[in-house]
Amino acid sequence: MKNVTLIYGDGIGKEVMSSAVEVIKATGADINFEEEIAGLEAVEKYGEPLPKKVIDSIKKNKVALKGPVTTPVGKGFRSVNVTLRKELNLYANVRPVKTYEGLKNRYEDIDLVIIRENTEGLYAGIEKEIEGGAETTRLITKEASKRIAKYAFELARRESRKMVTALHKANICKLTDRVFLDAVNEVHKDYPEIELNDLIIDAACMNLVMYPEKYDVLLATNLFGDIVSDLCAGLIGGLGLTTGSNIGKDGAIFEAVHGSAPDIAGKDIANPTACILAGAKMLNYIGYEKEAKKIENAIEGLIKEGKYLTKDLGGNLGTKEFTKRVIERLQ
Ligand code: NAI
Ligand code: MG
């Protein structure tokens with residue numbers, strides 16, 4: 001039996017994570033979920049968004065499945081996600097984006113993965129008020145840049161991917177993005193079989209919308225990776241589908257790319273696919289590869305069949321009903 005920390009999260013978190021837990025249990029994987037509370041719910045219950053015992057639990061189990069948590073905009077507590085990623089040094093955020101057969105999309109052959117640096121950049125939390133405004137520091141270090149570049153090239157090699165595209169704004173951020181690009185180039189020397197190129201982030205956005213099938217591995221600093229992740233999710237059918245694995249040397253947190261979606265919370269209409277697939281990534285990570293594959297096949301089959309989809313994908317199934325269909329398809 002394997003212990004896994006479980007955080008349901010806020011907003012649609014309870015709904016979509018309950019689906020994920022049900023599906024994981026239905027695969028037969030022998031997992032003991034240790035539930036912890038973080039986010040708004042933790043503020044109400046413990047007076048803080050990320051109680052120390054949540055971090056302790058993840059440190060002990062070295063793996064967590066996490067639902068989305070709400071972060072107040074422009075005020076209030078610091079993002080639980082950013083704190084967790086930093087505290088546990090989960091430096092690589094891995095976000096695959098692949099076309100699903102059966103969905104009506106503008107593109108047919110998208111198969112890319114975004115590797116987002118997860119510990120620094122504009123998320124370093126160095127922000128202060130200054131006279132007449134405020135200032136945020138974008139921290140880019142050689143060490144973190146090399147570490148994330150190595151992760152990207154290793155993943156490319158492991159998954160037989162051919163090309164890494166580094167996203168930057170080195171024409172404007174001449175110092176910080178020079179550090180990033182130099183680090184990427186240096187690491188690339190050890191991976192001669194993989195092509196490396198780079199794109200300025202705004203041009204990259206246009207290119208991704210026009211020719212997404214041309215891209216393979218996208219390597220980005222923290223904020224650019226965040227933005228491009230949602231953009232790429234939109235290319236294949238939306239945030240209901242994409243997962244984000246936060247990986248460190250000594251542990252990992254698996255989640256969806258999407259947030260707590262307060263606009264649709266409590267209505268049984270959220271698409272649980274992203275969280276269910278995050279569950280599959282988690283299973284894979286702890287050695288339940290067969291069970292993970294079962295889940296991925298069930299989702300792919302269901303989407304391809306096209307009869308039973310949630311509202312965001314043009315269907316009319318609720319979260320619970322969709323989850324039942326996924327479980328029926330597990331073989
Ligand atoms: P969001 O990702 O929650 O929602 C964006 C849009 O996508 C909304 O229209 C929502 O209804 C839709 N959507 C998201 N997930 C969906 C799903 N599973 N099925 C169907 N539709 C879905 O982003 P938003 O609204 O900007 O942020 C809401 C809150 O979530 C904020 O407090 C934000 O800080 C937090 N957040 C948390 C994340 C995490 O915990 N990893 C990641 C992103 C945002
Ligand atoms: Mg985001």
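This is a predicted model: local features need pLDDT of at least 70, side-chain atom pairs count only at pLDDT 80 or more; totals for chains, interfaces and linings use all residues.
The space inside the largest pocket comes to about 1,100 Å³. Its lining is made up of 35 residues, and those closest to the centre are Pro96, Glu159, Thr243, Lys281 and Glu296. These five are a handy place to begin when looking for the pocket in the structure above.

Helix α10 gives the most, with eight residues. Sorted by class, the lining of the largest pocket holds 16 nonpolar, 12 charged and seven polar residues.

The second largest pocket has a volume of about 890 Å³. It is lined by 34 residues, of which Thr71, Ser79, Val82, Tyr123 and Asp226 are the closest to its centre. The elements that supply two or more residues here are the helices α4 (80-87) and α8 (222-236), together with the strand β12 (251-256). Both domains are represented in this lining too: domain 1 (1-89 + 239-331) and domain 2 (106-236) each provide at least three residues. By class, the lining of the second largest pocket consists of 13 nonpolar, 11 polar and 10 charged residues.

The next part of the picture is ligand 1. It is surrounded by 21 residues, and the closest are Thr71, Asn81, Gly259, Ala261 and Asn271. The shell around ligand 1 divides into nine nonpolar, eight polar and four charged residues.

Several contacts to ligand 1 involve the protein backbone. A polar backbone atom of Val69 is 2.9 Å from an oxygen atom of the ligand, and a backbone N or O atom of Ser260 lies 3.0 Å from a ligand oxygen atom. At Asn271, one of the closest residues of the shell, the partner is a nitrogen atom of ligand 1, found 2.9 Å from a polar backbone atom. As for how much of the ligand is covered, ligand 1 exposes 810 Å² when taken alone, and the protein buries 69% of that area.

Terms used
Residues are numbered from 1 along each chain as its sequence is written. Chains are lettered from A and ligands numbered from 1 in the order in which they are written. Side-chain values use heavy atoms; hydrogens and water are left out. On a 1 Å grid over the protein atoms alone, a cavity is a set of points where a 1.4 Å probe fits but cannot get out, and a pocket is an open set with protein on both sides within 12 Å along at least five of seven lines; lining residues have an atom within 4 Å of a point. Grid points are joined across faces, edges and corners, and a volume is the space filled by probe spheres set on the points. Helices (H or I, at least four residues) and strands (E, at least two) are DSSP runs, numbered from the N terminus. Ala, Val, Leu, Ile, Met, Phe, Trp, Tyr, Cys and Pro count as nonpolar, Asp, Glu, Lys and Arg as charged, and the others, Gly among them, as polar. Domain bounds come from an automatic or database domain assignment. A residue is near a molecule or strand if one of its heavy atoms lies within 4 Å of it. A polar contact is a pair of N or O atoms within 3.5 Å; within protein, one must be able to donate a hydrogen and the other to accept it, and residues adjacent in sequence count only if both atoms are side-chain atoms. Accessible areas come from the Shrake-Rupley method with a 1.4 Å probe; for residues, only the protein chains shown count as cover.
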